[in-house]
Amino acid sequence: MNGVTESVNFIDGVVWGPVMMVLLVGVGLYLQFGLKAVPIRKLGRGLALLGKPQPAKRADGEISPFSALMTALSATVGVGNIAGVATAIASGGPGAVFWIWVTGLVGMATKYAEAVLAVRFREVDDNGDHCGGPMYYLRNGLKGSYGRFLGMAFAIFAAFAAFGIGSAVQANSVADGLEGAFAIPHWATGVAMVVLVGIVTVGGIRRIALVASKLVPFMVVVYSLGGILVLILNAGRIATALDLIFTYAFTPAAARGGFAGAAVMAAMRFGIARGLFSNEAGLGSAPIAHAAARTRDPVRQGLIAMVGVFIDTLVVCSITALVIISSGQWSSGKSGAALTSLSFNASLTGIGQYVVIVGVVLFAYSTALSWSFYGEKCFQYLFGLRLINYYRIVFVLFLAVGATAKLNLVWNLADIANGLMAIPNLIGLAVLSPILFKMTRDYFDGRPYLLGEAW
């Protein structure tokens, strides 16, 4: 068994190694330049569109554009914002935060591209629901056996990842957090997760989106307010924290306290890896949700989708990072959620740890909801509609398994599948980029491409 674990760990390191980082960042930079930085320049427009309903004549889809964003955000604003950021800082030093920000700016272009293509190439299934995402824009955009192969590869990797990253791992994070804070046994958390996720997922995307549109704003605001309160209490140290971030992004961080020190490459590696893990830009999961939006205008949905990366990486991740560094606990030797909890508690004695626990529980629960939909759509792509109910049963049962089992091997296998999703998706984004660039130019020239009309 040790040999299997070591082999899986090795493959995981290769999949999420430097080549993957270069691919994810490289394609994002290519798209950002090809789009002439539209995702950055037009961020205000994307924010404005959130409160602007789509005209009825353009309203094909199951959920509102805002609900599609909240569904996508419920998967990306997750444990990575709490534990992932802390791990990056503990391993790469404060300079890792700068590279997390870089992934956010680059990822906005990738997420924009994914959503535009997801709406552009989506289909309607036998139930009359809209289906889209990388598997569809790979098959319908690239065409031929090449596109079909890549679409199927993405669907297989994503469906497998859903059971691990989206189900078992999330339940395990909640179970560990609740046991540590309130001595709640793992099995009780498993039962609760099965029930709470099951009653939502049985209603499909409409019910998932309804819950996400209420839960995501609440959990982001609660966690952010807790973090902002800590930053107010540490106001005198924020300038120093920012100085550490920018200094150690380009200068080796010396060892201090429990921190072993880190080279610039370590700051870059861990910052980029954790940033991409948090916002999922390039992995291809979020466009599955955006494809269900009530819209006939792909670019409009792309502008809304890119806001998700801004909120996830440049707002929530930044709050976590500044809390950790301004508290001085970044050099304590702790890592992951334990470091974030220690940092919150240093300023909010006695209650700071509960802000983190509530964040972990809500973030993991919402992630499970969205990934149930992502996995379901990939499963549907592979096997059709007739087995969907069986898929839903297995997905929620994996929550019970995840809450009560040791998950090192499951985590790494799912992490491999999660990374492999990116390869066919990035190929599709690069090959289909001329279509993306033309649609973007036409939109801002007043000639938007609308589904169902000649282009």
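Trainee: Which residues of H6 and H17 meet in this predicted model, and how do you know that they are in contact?

Mentor: In this predicted model, Val79, Asn81 and Ile82 in H6 meet Val356, Gly359, Val360, Phe363 and Ala364 in H17; they count as being in contact because heavy atoms lie within 4.5 Å. By class, this contact of H6 with H17 has six nonpolar, two polar and no charged residues.

Trainee: What makes H6 oblique to H17?

Mentor: Helix H6 (residues 79-92) and H17 pack at an angle of about 125°, with their axes 8 Å apart. Angles of 65 to 115 degrees count as roughly perpendicular and those over 145 as roughly antiparallel, so an angle of about 125° makes H6 oblique to H17.

Trainee: Why are H5 and H17 called oblique to each other?

Mentor: The axes of H5 and helix H17 (residues 352-383) are 7 Å apart, and the angle at which these helices pack is about 120°. Since roughly perpendicular covers 65 to 115 degrees and roughly antiparallel begins over 145, H5 and H17 are therefore oblique to each other. Their crossing is left-handed. On the H5 side Thr71, Ala72, Ser74 and Ala75 take part, and they meet Phe363, Ser366, Thr367, Ser370, Trp371 and Tyr374 in H17; these residues divide into five nonpolar, five polar and no charged.

Trainee: What makes H5 and H11 roughly perpendicular?

Mentor: The axes of helix H5 (residues 65-76) and helix H11 (residues 204-233) come within 8 Å and cross at roughly 70°. That angle falls in the range of 65 to 115 degrees, and H5 and H11 are therefore roughly perpendicular to each other. The H5 residues Phe66, Ser67, Met70, Thr71, Leu73 and Ser74 meet a set in H11 that includes Ile205, Ile208 and Ala209. By class, the contact of H5 with H11 has 10 nonpolar, four polar and no charged residues.

Trainee: How do you know that Ser278 is buried?

Mentor: Buried means under 20% relative accessible area, and Ser278 has 1% relative accessibility, so Ser278 counts as buried. Ser278 lies in helix H13 (residues 264-279), and, leaving aside neighbours within four places in sequence, Ser278 is in contact with Thr76, Gly80, Asn81, Asp312 and Cys317.

Trainee: Why is the pairing of Ser278 with Asn81 called a polar contact?

Mentor: The side chains of Ser278 and Asn81 make this contact at 3.5 Å, and a polar contact is a pair of N or O atoms within 3.5 Å, one able to donate a hydrogen and the other to accept it.

Trainee: Why does Phe98 count as buried?

Mentor: The relative accessibility of Phe98 is 18%, and because the cut-off for buried is under 20%, Phe98 counts as buried. Phe98 is placed in helix H7 (residues 96-120); beyond its neighbours within four places in sequence, its contacts are Ile245, Phe246, Ala249 and Phe250.

Trainee: What makes Lys143 and Ala183 exposed?

Mentor: Exposed means over 50% relative accessible area; Lys143 has 55% and is therefore exposed, and Ala183, at 61%, counts as exposed too. Lys143 is found in the loop between helix H8 (134-142) and helix H9 (144-182), whereas Ala183 lies in the loop between H9 and helix H10 (186-201).

Trainee: What is the phi of Lys143, and what is the phi of Ala183?

Mentor: Phi of Lys143 is near 60°, a positive value in a residue other than glycine, and Ala183, which is not a glycine, has a positive phi of about 60°. Most residues other than glycine have a negative phi.

Terms used. Residues are numbered from 1 along each chain as its sequence is written. This is a predicted model: local features need pLDDT of at least 70, side-chain atom pairs count only at pLDDT 80 or more; totals for chains, interfaces and linings use all residues. Side-chain values use heavy atoms; hydrogens and water are left out. Axes are lines fitted to C-alpha atoms, for helices over the stretch in contact, and angles run from 0 to 180 degrees between N-to-C directions. Helices (H or I, at least four residues) and strands (E, at least two) are DSSP runs, numbered from the N terminus. Angles under 35 degrees count as roughly parallel, over 145 as roughly antiparallel, 65 to 115 as roughly perpendicular and the rest as oblique. Ala, Val, Leu, Ile, Met, Phe, Trp, Tyr, Cys and Pro count as nonpolar, Asp, Glu, Lys and Arg as charged, and the others, Gly among them, as polar. A crossing is left-handed if the near helix is turned anticlockwise from the far one by less than a right angle, and right-handed if clockwise. Buried means under 20% relative accessible area, exposed over 50%, partly exposed in between (1.4 Å probe, protein chains only).
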